[in-house]
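Here are my notes on the model you sent over.

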Amino acid sequence: MVTQQRPRAAAKPPAPPRPRERGSLLSRWDLKASPYLYIAPFFLIFAVFGLFPLLYTAWVSLHNWDLGGDGGFIGLDNYATLFGDPDFWNAVGNTLGMLVLATVPQLLLALVVAALLNQQLRARLLLRMGVLLPIVTSVAAVGIVFSQIFDRDAGMVNGLLHLVGVTPIDWRADKWSSWIAISTMVDWRWTGYNSLIYLAAMQSIPRELYEAATVDGASKIRQFRSITVPMIRPAIVFTVIMSTIAGMQLFTEPLIFGQGTYAISGGSLRQFQTVSMYMFEKAFRDADLGYGSAIAWMIFLLITILAVINFLITRRSSK
Amino acid sequence: MPARLRRTLLATAMAATLAAAAACGGASDDQQSASGPVTLVVKTFSQFGYDALYKQYEASHPGVTIKEENIGKLGDYTPKLQQWMTAGSGAGDVVALEEGIISQYIAKPDKFVNLLAKGADSLKPDYLDWKWNQALTSDGKTLIGLGTDIGAQGMCYRKDLFQKAGLPVDRDQVGALWPTWDAYLATGKRFLTANTGAKFYDSSSGMYQNILMQQGDHTYYDKANTFVADSNPAVRSAYDQAVGMIQAGLSANLDQYSPQWNAGFKKGTFATIACPSWMLATIQKQAGPENADKWDVAKVPGNGAVRGGSFLGVPKQSKHQDQAVELVKFLTSAKGQIGAFGAKGNFPSSPQAIDDPVVQGLTNAYFGNAPVGKIFGASAKAVKPVYLGPANVAIGDRFTNALLAVEQGKLQPAEAWAKAIDEARRLVK
């Protein structure tokens, strides 16, 4: 896709003339070492907060690790149990289900919002800022407010449904209803953010393309489909990948939505328990840290697989 | 390429070394000498009502400063405590251990200072036997905590709703309505026929736990820590009784501690709630002053019951173990327990404190001047000790979720039971 921009063979500079010994040693050292010094902060921080926890989690996942600490090496036993654990697969299903239910409408809606914001509108700046507001709201606040909106007895949604003659829904009791409620929270929070990314991409599309299309008699919708969407493909790929990663880590919204003292189970029958909730439950509630670590690594693996699938799809369709 | 790889590795190694050095630098902290002034950090959840006691202790022990770090919800405190204990730092000098937590840690006593080695053995008569034994390892050699309060149970009820339903409102007559849980169920059915618009109780999980704890002896584990939930008739009968109440339509189906449950006190969506002593403060706060003359408290169905209750322990990671143990002894003494009871209504676990006129004579103005000291005291002393196994809380959660699924109409009682047993068995492996 991208061409190699650096000239290769020609780049080799001629050997510098050798000045006095001391200076050359210092400058040679400087030349060799300082680049590493410059990039060191990132690697340092990554090593402490990224790489080490990652590897340590892998190490813990190979042990029978509970409250008392390391209870002995057990190899891949935790992973073997995990593959036969219906609660884990249930959580994976829930996570993927909510991922699709949240991401697809969210990105489509974001595209439409971005297209609208790209028009000549009154108070355009205000509107553009407005769509960003949900993202600065705290997740917990969103969770609490939406939990009340989707409440069984006194919720606003049930109140509205009642007006049109629908019997009240116990939103937490079923998969479909709880998924809708949680996806709504995610959508409300992220649609504006994604539409701003799309908007930025749309503004870099040359005007001439639209002018030419108008001359050819293409309608607005046709222009949107044939010019806008293909031209902002990189932005779309970016948002899809970011939403996938965020969706795989969905935690706070369902946790707050599920109430009471055992909310981490995500409903009486684990209707809306995500994998990260299951990881937390296993590690910190059931005190099985080894098993929790194994789940954490499975989440990592799942995200990797999804990212690769995303990548393959976008690469194939861009050919 | 290999050269570049080597250099990358070198850089990574360098970074790692630096990181390790930085980590070491952070580890050294203000180690205080044992004789100098010390600050004791006490970790608690919810409300222990110790503020006045800390002041007293600081006054009588110059050089000791006490700092309490509180986390509001037990559910948030438990994982934090676990992280501190696993990481080996952060737990402070004294930690509050709820009875569900202590039943987990009793299997790993080496994380805590053995209080028997610090002269606690002479204090045994100061605590109810079963309370003492909950913090004692099965070999009887290690004691990891001293009892603070116990959740002695009563049954709180709304007088206005009872009146509407044509039931008596006087607390003795109300208590006489339900000598047993079957009688409670019958009363509930009577209540529903009056169509007050309210349900009889808040949530089946509370009732189930209450009934289960009254059966005595052991629950999901026998005393050898063998999983017996599926064969223990006590568990099955508590479950069946709870199901019976659900099927009679008594439950308002509100998760305890959810916003709707909180609102239910104000709106009067349920007429009774099994209330441990520590819940009175919650009810008063949620129902608010406008419902001041509506709530009262009667005895609980069946004979005596407790739910919840805590201990104080000293983690081994504390740098001031001796001073911390002294503080624990002071706070959990009969005098300390009476102080906490006066401050926040935490019911004492020391028989001397229970019999103390201050506790016996206590009434609660919000609950129509109910003699809560007498009601809860009688309940606490009638309790049959129950042995809880290591994963007791986690297994209990599976059963209450099963009951919730029955309440929601998602599973038949028999299916829900099978599911709970299956999940619990996978949990204990």
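**Notes on the two-chain model**

1. Starting with the fold of chain B: there are 19 helices and ten strands in this chain. Its radius of gyration comes out at 24 Å, close to the 22 Å that the globule rule gives for 429 residues, so chain B is as compact as a globular protein of that length. Keep in mind throughout that this is a predicted model.

2. A few more numbers for chain B. Along the principal axes, its C-alpha atoms fill a box of roughly 85 × 65 × 45 Å. Buried residues make up 49% of the 429. If you take the contacts with a separation of 6 or more, 76% of them are between residues 24 or more positions apart.

3. Now chain A, which has 14 helices and two strands. Its radius of gyration is 26 Å, whereas a compact globule of 319 residues would have one near 20 Å. The C-alpha trace spans about 90 × 75 × 35 Å along the principal axes of chain A. Here 32% of the 319 residues count as buried. Of the chain A contacts between residues at least 6 apart in sequence, 67% join residues at least 24 apart.

4. How many residues does each chain bring to the contact between them? Chain B gives 30 and chain A gives 25. On the chain B side, the elements that supply two or more residues are α1 (2–27), α3 (74–87), α4 (99–105), α11 (259–267) and α18 (392–407). Sorted by class, that side of chain B has 15 nonpolar, eleven polar and four charged residues.

5. Helix α9 (residues 204–214) and helix α10 (residues 233–247) of chain B have axes that come within 9 Å and cross at roughly 145 degrees. The crossing of α9(B) and α10(B) is right-handed. From α9(B), the contact uses B:Ser204, B:Met207, B:Tyr208, B:Ile211 and B:Leu212, while α10(B) puts in residues including B:Ala234, B:Ala238, B:Ala242 and B:Met245. By class, the residues of this contact are eleven nonpolar, two polar and no charged. On the spacing you'll see along a helix: an α-helix has 3.6 residues a turn, so residues three or four places apart point the same way.

6. On to the nonpolar cores. The largest one has 125 residues, and B:Val94, B:Tyr208, B:Ala242, B:Val297 and B:Val328 have the most contacts inside it. Helix α18(B) provides the largest share of this core, with nine residues. Looking past its neighbours within four places in sequence, B:Ala242 is in contact with B:Ser204, B:Met207, B:Tyr208, B:Ile211 and B:Leu403. Apart from that core lies another, of 39 residues, with A:Met98, A:Ala102, A:Phe146 and A:Ile256 among them.

7. Last, which residues of helix α14 (residues 334–344) of chain B are buried? They are B:Gly336, B:Gln337, B:Ile338, B:Gly339, B:Ala340 and B:Phe341. The cover over the buried residues of α14(B) includes α2 (51–60), β4 (146–158), α13 (321–332), α15 (351–355) and α16 (357–360) of chain B.

Note on methods
Residues are numbered from 1 along each chain as its sequence is written. Chains are lettered from A and ligands numbered from 1 in the order in which they are written. This is a predicted model: local features need pLDDT of at least 70, side-chain atom pairs count only at pLDDT 80 or more; totals for chains, interfaces and linings use all residues. Two residues are in contact if their C-beta atoms, placed from the backbone, lie within 7 Å. Helices (H or I, at least four residues) and strands (E, at least two) are DSSP runs, numbered from the N terminus. Ala, Val, Leu, Ile, Met, Phe, Trp, Tyr, Cys and Pro count as nonpolar, Asp, Glu, Lys and Arg as charged, and the others, Gly among them, as polar. The radius of gyration is taken over C-alpha atoms; the globule rule is 2.2 Å times the number of residues to the power 0.38. A residue is buried if 20 or more other C-beta atoms lie within 10 Å of its own, exposed if 12 or fewer, and partly exposed in between; C-beta atoms are placed from the backbone. Axes are lines fitted to C-alpha atoms, for helices over the stretch in contact, and angles run from 0 to 180 degrees between N-to-C directions. A crossing is left-handed if the near helix is turned anticlockwise from the far one by less than a right angle, and right-handed if clockwise. A nonpolar core is a set of buried Ala, Val, Leu, Ile, Met, Phe, Trp, Tyr and Cys residues joined through C-beta atoms within 7 Å.
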